[in-house]
Amino acid sequence: GNDSAGGDDDVDAVGERNGGGAGNGDSGSEGGGWFESNTQAAAALEGAGGHAAAAEWSLSFPSSLENLGEQWREMPSRYRVCLGTCFAFVLCNMDKVNISVAIIPMAKDMGWSVSTAGFLQSAFFYGFALSQLPGGYLATRFGGAKMLPIGVFVWSAATAVVPFVAGDTKMLFLSRVLVGLGEGISPAAATDVIARSVPLKERSRAVAFVFNGFNIGSVLGLSLSPFIIEGFGWKTVFLIFGALGLLWVQWVGL
């Protein structure tokens, strides 16, 4: 169990302070979805003196889909935010590493030299390096809960277009730079989300949980990509991984 109120209590309490309108966290605030509204709810409770427990919440293995939905609705808002952010980081590294596997059949199909293949794989890191400091500024200026979905949208869309631009090395290079740009703003956005929504005594665990999504994403990306490529071709891995990110954006609300 945890010394925290359920997710509905978190968001309803903020709605009462702000004159209502927060609901249960499933319908977002103006211009955002549940991800942003839950971040604001958790931040408001923390600013008001912490997450005092109105009811004790504990995680148990769901007995049905209905029970899973019930547990999700009762989950404290900061936990929902951390789970959503962790999922984003899983997708982040899946889209980062997929080309490491796909580059072999891509180079064969396109007739690329080793130097061309290496140059294209480096494109991601140009974008990733360039977006670190701007990402920190944007997360501070507009809030991580706004910037993270934007970053996921950019890198996911850029991943999904790879099959359509692969015949032009310049366009493919640009698409991978955009993947790096989108992913580069994500660590700063996630750090801002955690700082705003998670109380200090839980923050180190939240950081470890969320950023472990990178490792899970690398394992999944490197493990699943070969099977997808062998079964359906290298283009499919980019379409599937990109679509998963766009679904995440649809889920949390942009």
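Where pLDDT is low, the predicted coordinates should not be read in detail. Over the chain, pLDDT averages 82, and 79% of the residues score at least 70.

Residues are numbered from 1 along each chain as its sequence is written. Local features need pLDDT of at least 70, side-chain atom pairs count only at pLDDT 80 or more, totals for chains, interfaces and linings use all residues, and side-chain values use heavy atoms, with hydrogens and water left out.

Helix α7 spans residues 144–160; helices are DSSP runs (H or I, at least four residues), numbered from the N terminus. From its first C-alpha to its last, α7 reaches 24 Å, close to the 24 Å expected at 1.5 Å a residue, where the expected span is 1.5 Å times one less than the number of residues. Of the 17 residues in α7, 12 are buried (under 20% relative accessible area, 1.4 Å probe, protein chains only), including M147, L148, V152 and W155.

Helices α6 (residues 132–142) and α10 (residues 186–197) have axes that come within 8 Å and cross at roughly 30°; axes are lines fitted to C-alpha atoms over the stretch in contact, and angles run from 0 to 180 degrees between N-to-C directions. In this pairing, G135, G136, A139 and T140 of α6 meet A188, A189, D192 and R196 of α10.

Technical notes:
Helices (H or I, at least four residues) and strands (E, at least two) are DSSP runs, numbered from the N terminus. Contact means heavy atoms within 4.5 Å. pLDDT is the predictor's confidence in each residue, from 0 to 100. Buried means under 20% relative accessible area, exposed over 50%, partly exposed in between (1.4 Å probe, protein chains only).
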